[in-house]
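The exercises below are to be worked with the sequence and the model open side by side. Each task is followed by a solution in steps.

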Amino acid sequence: MTSPELAKGFCQDVAALQNLGIKVVVVHGGGPQISAMLKKVGVETRFEGGMRVSSSEVVDIAEMVLCGSVNKQIASSVCSAGGRAIGLSGRDDSLLQCTKQENKDGYDLEFVGKVESVNTKLLESILDLGITPVVSPIGTGIDEESNVAYNVNADAAAGRIAGELKASRVLFLTDIAGVLDKEMKLLRNLTVKQIDELIDDETITGGMIPKVTFATSAVELGVGSAFITDGRIPHALLTQVLSSGNSDSEGGTIVTI
């Protein structure tokens with residue numbers, strides 16, 4: 001969210017969809033807030049392949065910011081808008097079980113997690129109560145690493161959660177119009193094959209790479225459709241859901257098999 005007004009509108013959309021009987025799971029990030037706190041406490045960080053390299057110190061700060069601040073703000077705002085929401089960390093009841101994420105280019109991302117499984121029973125039980133789970137993407141290790149915290153890319157977490165829930169759709173909000181070509185024109189519809197080609201020729205770069213990658217993973221896991229949506233548009237969530245994925249709706253890129 002690029003402004004308090006957009007964040008408020010998003011939470012109003014979640015409440016409105018909930019009141020229409022549509023089950024929603026919110027998975028949020030908080031990159032700017034994490035970066036601001038890291039700068040404040042003097043901890044250096046860098047990105048490789050669109051992913052934040054996460055030392056144990058970075059993960060501690062990310063967990064503090066995401067779980068202690070951003071998560072509760074979103075859950076509270078949904079409730080204030082007339083909905084019901086509860087904030088969760090991916091470490092709660094082993095919601096996001098992770099192993100160390102390996103970077104294909106050989107970079108050591110340290111404590112960046114790859115989601116191996118999702119505690120869908122927890123999410124389904126909350127959804128069945130008419131409550132929206134709001135998930136912070138801090139995951140937990142598995143077995144002997146169960147006390148290890150992992151920083152998980154929010155788009156990765158959202159795509160995997162959507163896939164394991166067999167959601168009808170997953171929406172990834174971004175701060176640009178959607179996936180753009182090299183002339184900065186919006187690409188409305190993309191297939192998995194086209195996305196691979198656009199990454200190879202460096203049309204898709206930086207932080208958009210994980211977004212499209214996890215959108216692709218979601219549809220391959222059985223999600224009905226994936227949308228990379230312009231979150232700068234007021235009520236983008238409500239617009240996309242009620243448009244039933246019409247590619248003529250304002251903003252965004254639709255990803256299909």
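Predicted model: local features only at pLDDT ≥ 70, side-chain atom pairs only at ≥ 80, totals over all residues.

**Exercise 1. The open sheet**

Determine the order of the strands in the three-stranded open sheet and the sense of their pairing. Then examine strand S4 residue by residue.

Solution. 
- Step 1: The order is S1-S7-S4, and the pairing is parallel.
- Step 2: Strand S1 (26-27) and S4 are the edge strands, each pairing on one side only.
- Step 3: S4 is joined to strand S7 (residues 132-136) by five bridges in the parallel sense.
- Step 4: Bridge partners can be read off by residue. Ile86 has Pro133 as its partner in S7, and Ser89 has Ser136.
- Step 5: Strand S4 covers residues 85-89 and is mostly covered, with four of its five residues buried.

**Exercise 2. Salt bridges**

How many salt bridges does the structure hold?

Solution. Side chains of opposite charge can pair when their charged atoms come close.
- Step 1: The count is eight salt bridges.
- Step 2: One of them joins the side chains of Arg91 and Glu63, at 3.0 Å from N to O. Arg91 belongs to the loop between S4 and strand S5 (96-100) and Glu63 to helix H3 (residues 56-80), so this pair ties together parts that are 28 residues apart in sequence. Arg91 is partly exposed, because its relative accessibility is 29%.
- Step 3: A salt bridge also links the side chains of Asp155 and Lys211, with an N to O distance of 3.0 Å. Asp155 is in helix H5 (residues 154-165) and Lys211 in helix H7, so the parts tied together are 56 residues apart in sequence. Both Asp155 and Lys211 are buried.
- Step 4: Arg232 pairs with Asp230, and the closest N and O atoms are 2.9 Å apart. Arg232 has a relative accessible area of 41% and is therefore partly exposed. Asp230 has a relative accessible area of 6% and is therefore buried.

**Exercise 3. Surface patches**

Which residues make the nonpolar surface patch of about 280 Å², and which form the negative surface patch?

Solution. 
- Step 1: The nonpolar patch is made by Leu20, Ile22 and Leu242.
- Step 2: Leu242 belongs to helix H8 (residues 236-242). Its relative accessible area of 52% is why Leu242 counts as exposed.
- Step 3: The negative patch consists of Asp196, Asp200, Asp201, Glu202 and Glu220.
- Step 4: Asp201 is found in the loop between helix H6 (192-200) and helix H7 (208-220). Asp201 counts as partly exposed because its relative accessibility is 37%.

**Exercise 4. A residue in strand S13**

Is Ile254 buried or exposed?

Solution. 
- Step 1: Ile254 is part of strand S13 (residues 253-256).
- Step 2: The cut-off for buried is under 20% relative accessible area. Ile254 has 10% relative accessibility, so Ile254 counts as buried.
- Step 3: Ile254 and Asp128 are 126 residues apart along the chain, and their C-alpha atoms are separated by 28 Å.

How values were computed. Residues numbered from 1 in each chain as written. Heavy atoms only, no water. Patch = residues over 30% accessible without salt bridge, like charges linked within 9 Å, V, L, I, M, F, W, Y side chains within 5 Å. Areas by Shrake-Rupley, 256 points an atom, 1.4 Å probe, with all protein chains shown as cover. Salt bridge = Lys/Arg side-chain N within 4 Å of Asp/Glu carboxyl O. Lys, Arg positive; Asp, Glu negative; His and termini not counted. Charge placed at Lys NZ, Arg CZ, Asp CG, Glu CD. Helix = DSSP H or I, 4+ residues; strand = E, 2+ residues; numbered from the N terminus. Buried < 20%, exposed > 50% of the residue type's maximum accessible area, 1.4 Å probe, protein only. Pairing = 2+ DSSP bridges.
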